[in-house]
Amino acid sequence: KRMAHKVEKTFKFVIVGGGIAGVTCVEQVKIRARTSNPSSFSFVIFEKVSKVLEEFDVEERPSSVLEEKFPNLMVIHSAVKSLHTQSHSVETADGRVFGYEKLCICSGGRPKLLTQENPYVLGIRDTDSAQELQKRLSKAKRIVVVGNGGIALELVYEVEGCEVIWAVKDKAIGNTFFDAGAAQFLIPSLEADKPERAAPCKRPRYTTEEPAAGASQTFTAGLHLGVYLIFSYPAVESAPGSSLGSWPVYIQLTNGKTFGCEFVVSATGVVPNTEPFLHGNNFALADDGGLRVDDHMMTSELDVYAAGDVCTACWEHSPLWQQMRLWTQARQMGWYAGRCMAAHVLSEPIELDFCFELFSHITKFFNYKVVLLGKFNGQGLGPDHELLVRCTKGREYVKVVLSGGRMVGVVLIGETDLEETFENLILNQMDLTPYGEELLNPNIDIEDYFD
Ligand code: FAD
């Protein structure tokens, strides 16, 4: 039946998804292919939302910008509904069929929701859902935020004028990024007034709760360990048991506490968007549900590549790199996938890009600059690694992870000015044993020292 659909047009390169990975991928294929016979290369991006995202400046731009920039690029505003790897074709939601020579799946991920189809449980994925959240926040008196990654961190810090209950199942906040020490450093920022704001609204209140038995001692106010059972009562005046008050939805945590709130924000990570591509094909999937890709961003299906949140990097990683579903990595993967696709078409050799040597991520949490390098949380290291920490309350937190005397990871919070020097020390793997704790001595100008 499938074969009955007529292939409308065959493109040399087909990209599914106009997020950061997809757009970067197209750009790279274009740049690489230009040197050969450009007119023989045709491209198409499929994007299910009506505006194509170009997230370089994390802003949304109309697809015409892309099309202008790249004359033989077509943007088709339709979701890809299915993929037929045998016949090298994709079918769109509105029933059109297009052929490809090389395909790159860049369909991203969607929020992992605590529970599906509950109107009181929100996930944030894009600007639309963020706007929806903002709208609902303006009327809310209390919300519960579930999750412990970057989105949850940002949210609990940014929300004002509304009580926030933050449900965290790990031993420390921001577990995806930090250890308990860094978390401890950051917690006072939640209670402090934010800088440079006139603060017309009240600061959020963070309810105080004793940590559950067995929880880390470093755990403090405002956080509720454990999560997850959401039940809503249909429009009842007062909830059963009723010291809880009357709320649209109640959330029960695994520590036995129940809270009512206006809505729950589920910020517990993403699930790779793989469904439309799986049926009838033979993709190898990773444990996290991503499409497995090798060191050329190739999936297990012939001529199908993948990049960004939808894929799982399954090559043998450099000892200083790990995959995290972040936009910097989506861009790097899109970039590299594009180069690989072009190289394969042109029969040129290509090696794994240098950006996969060292994990690095720069962000802002609680208004502090945060730099993460390498195995910043000792990920995957044996018990023999060492930590050096320097912390000045309210100003900076510096943590260095050493393994066999060599620097393998770093967490820098605040304006430490150490990132460049430390990046070099990680990359050159110099034996730092002779320096010992002096490495973090604030009275030594380390930059000068290793110059
Ligand atoms: P996406 O950006 O998700 O793009 C995928 C695109 O594919 C979408 O446009 C989608 O519409 C389209 N698509 C999906 N399925 C189909 C289909 N079947 N057919 C056609 N099109 C399809 N990372 C950071 O590094 N720093 C941050 O501060 C940060 N903040 C974040 C805040 C939020 C609220 C969220 C949700 C994520 C954040 N991230 C952040 C993560 C970052 O946004 C992602 O890692 C990155 O966007 C992944 O890029 P991508 O191109 O793989 O996927």
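Which residues in H1 meet which residues in H7? In this predicted model, local features need pLDDT of at least 70, side-chain atom pairs count only at pLDDT 80 or more, and totals for chains, interfaces and linings use all residues. Residues are numbered from 1 along each chain as its sequence is written, and side-chain values use heavy atoms, leaving out hydrogens and water.

On the H1 side, the contact (heavy atoms within 4.5 Å) takes in Ile20, Ala21, Thr24, Cys25, Gln28, Val29, Arg32 and Ala33. Facing them in H7 are Trp327, Ala330, Arg331, Gly334, Trp335, Ala337, Gly338, Arg339, Met341 and Ala342. H1 spans residues 20-33, and its axis sits 7 Å from that of H7 at an angle of about 30 degrees (axes are lines fitted to C-alpha atoms over the stretch in contact, and angles run from 0 to 180 degrees between N-to-C directions). Helices here are DSSP runs of H or I with at least four residues, and strands are runs of E with at least two, numbered from the N terminus.

Trp327 also turns up in the lining of the second largest pocket, along with residues including Phe354, His361 and Glu423. H7 (327-345), strand S22 (360-365) and helix H8 (419-428) each supply at least two lining residues.

Technical notes:
On a 1 Å grid over the protein atoms alone, a cavity is a set of points where a 1.4 Å probe fits but cannot get out, and a pocket is an open set with protein on both sides within 12 Å along at least five of seven lines; lining residues have an atom within 4 Å of a point.
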